[in-house]
Amino acid sequence: MTLQTFTDEPAHVGELRRTVARFVAAHAPREKRIAWDKAHDWPRDVYAEFNKLGLTALTIPEAHGGAGQDIVAAIAVIEELAQAGPALAGPYIHTAFYGGLNLSENGSDAQKAEYLPRLARGELFFAYGLSEPDVGGDLASVTTRARLEGDEVVIDGAKRWCSGADWADVLYTLVRSGPAEDRYRNLSFVLVPRTTPGVTMQPIEHANLRYMASQDVFFDQVRVPAANIVGGESMWNQGWKILAGRALDVEKLEITAVALGIARAAVTEAWDYAQSRIQFGKPIAQHQAIRHKLVTARTKLQAARHMLYHAAWLAGEGRPCSIETSMAKLFVADTGVEIALICQQVMGAYGLSDAFDMERHVRDLLGMPIVGGSSDMQKNNLAGLWKL
Ligand SMILES: Cc1cc2nc3c(=O)[nH]c(=O)nc-3n(C[C@H](O)[C@H](O)[C@H](O)COP(=O)(O)OP(=O)(O)OC[C@H]3O[C@@H](n4cnc5c(N)ncnc54)[C@H](O)[C@@H]3O)c2cc1C
C-alpha cells in the first residue's frame, strides 16, 4: 500500500487559499461579520464581488462550463471563507455544492445543460429540502408526497429547516413518490423553482448559521414538469440511490469544512487575545492553564484538518470515501465543539460578548454535530459500513 496522504497541499490550492484569505481580510471586517449575524442575512454586494473570482466553477466539469471538479480546492475555499463565519461560506455552498456538485453527479443531460453553466458562473442558488417537521435523521420516512400526472409532478407536504429557501432559485426536494411501506424504494428528488405557485414559507428563528433564516416550506398542489425529477424520469423512485451516493459522501465534507474553518477562526481569535490580555502583570498566554488550553485546541484543530483533507483527497481522486467522509464529519464536528468551549474559556467574559466573534463561533460550532447528518447518524453509518 502506498501512503499518498502525507503530501504537501497542491500549489494551486495554496494560491487559491491566499486569494480567498486576502478577499476575506479586505471585505469582511469584524464589525460587518457581527452585523450580518445579527441581521440573519448574508451580504449580496460582498458576495457578488467574491463571485468575480469564479470559484463556484470548482465543483463542475469543464464540459458544462465549470473549471473541472477539484474537490480539495473547493473545500479549501469553504475553509477560508469560513474565517468570516458562515456569511460567505453559506451562499458559496448553496451554489457550488447543493447545485453544482449535486447536478454534476445526478442531473439528467437536460438538467446539466440548463443549470450547470449558470451554477459555474455563480448565478443560481439551490436550497436543500430534506428535513420535515417529523423527519430529521430518518430521511427514509419523509412524508411530502409527489405523484405523476401526465408529464407533471404534483407535490403536497411540508419541509422544515430548508436553509436559503426564501432566496434560492431552486429547492432540491426529497419526496415520497409511492407507498410509504416501501421506504427506500419510492423516494425521489425533484427540482422545484422557488416561485412555483403553491410554494409558501415561514422563517424559523435559530442561534446558529445565521447567514440566513432557515424556512418551513409548504407545498400545496405544487406542479412542476416531470423533466424536473433529478436525473430525469428514469430516476423516479430512485431517490435513495442519490441520497446514499457519491454526492452525499462529498456533501458531508462541505459542512465539515465550515466546521473546520470556524474552529480555526476560534483558535486564531483566542490565540491572539491571550497574547494581548494582561492579568496579574503578564499576558494570560503566559499563565500555564491558558497556554495548555491553547495548545490543546490547536492540536485538536490539526487532527481535524487531517481528517477533513484526507477524506476530501479521496473524494477528489474518485476513490471510495463513504467511511472517511463519515469519520471526518463525526470527528471534526465533535472536536469543533471541544475547540469552541476551550477558546471561549480562554477569552473569559469577552468570549461571550458580541464585541468579538467568539460567541458566534461557539453558537455555530455547537450546531455542527446536528446539521448535515448528526454525529449519531454518522456513527450508525460507520457501524453499518464496518458491518459491526
Ligand atoms: C440552522 C440549521 C440549518 C439546517 N439546514 C437544513 C437544510 O438546509 N436542509 C435540510 O433538509 N435540513 C436542514 N437542517 C436540519 C438538520 O439537517 C437536522 O436538524 C438534522 O438532520 C437532525 O435532525 P433533527 O434535528 O430533527 O434530529 P432528530 O432526527 O429528531 O434526532 C434528535 C436526536 O436524536 C438522535 N437520534 C435520532 N435517531 C437516532 C438513532 N437511530 N440512533 C442514535 N441517535 C439518534 C440525533 O442524533 C439527535 O441527537 C438544518 C438545521 C439547522 C439547525
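**Close-up views of a predicted model**

**View 1. Helix 4 and helix 8 cross.** The axes of helix 4 (residues 71-81) and helix 8 (residues 246-276) come within 7 Å and cross at roughly 35 degrees. This is a predicted model, in which local features need pLDDT of at least 70 and side-chain atom pairs count only at pLDDT 80 or more, while totals for chains, interfaces and linings use all residues. Residues are numbered from 1 along each chain as its sequence is written. Helices (H or I, at least four residues) and strands (E, at least two) are DSSP runs, numbered from the N terminus. Axes are lines fitted to C-alpha atoms, for helices over the stretch in contact, with angles from 0 to 180 degrees between N-to-C directions. The crossing of helix 4 with helix 8 is right-handed (the near helix is turned clockwise from the far one by less than a right angle).

**View 2. Residues at the contact of helix 4 with helix 8.** From helix 4, Ile71, Ile75, Ile78, Glu79 and Glu80 meet Val250, Leu253, Glu254, Ala257, Val258, Leu260 and Gly261 of helix 8. The residues of this contact comprise 8 nonpolar, 1 polar and 3 charged. Contact requires C-beta atoms, placed from the backbone, within 7 Å. Ala, Val, Leu, Ile, Met, Phe, Trp, Tyr, Cys and Pro count as nonpolar, Asp, Glu, Lys and Arg as charged, and the others, Gly among them, as polar.

**View 3. Domain 2 and domain 3.** The protein is divided into domain 1 (11-124), domain 2 (128-238) and domain 3 (245-385), with bounds from an automatic or database domain assignment. Between the C-alpha centres of domain 2 and domain 3 the distance is 31 Å. In contact are 4 residues of domain 2 and 6 residues of domain 3. On the side of domain 2 that touches domain 3, 2 residues are nonpolar, 2 polar and none charged.

**View 4. The shell around the ligand.** The ligand lies between domain 2 and domain 3, because both give residues to the shell around it. Of the 21 residues around the ligand, Leu130, Gly136, Trp161, Ser163 and Asp376 come nearest (a residue is near a molecule if its C-beta atom, placed from the backbone, lies within 6 Å of it). Strand 1 (126-129), strand 3 (152-162) and helix 12 (375-385) each supply at least two residues of the shell; helix 12 gives the most, with 3 residues. The shell has 8 nonpolar, 12 polar and 1 charged residues.

**View 5. His306 in helix 9.** His306 is part of helix 9 (residues 288-316). His306 counts as partly exposed because it has 14 C-beta neighbours inside 10 Å (20 or more would be buried, 12 or fewer exposed, with C-beta atoms placed from the backbone).

Methods. Contact = placed C-beta atoms within 7 Å.
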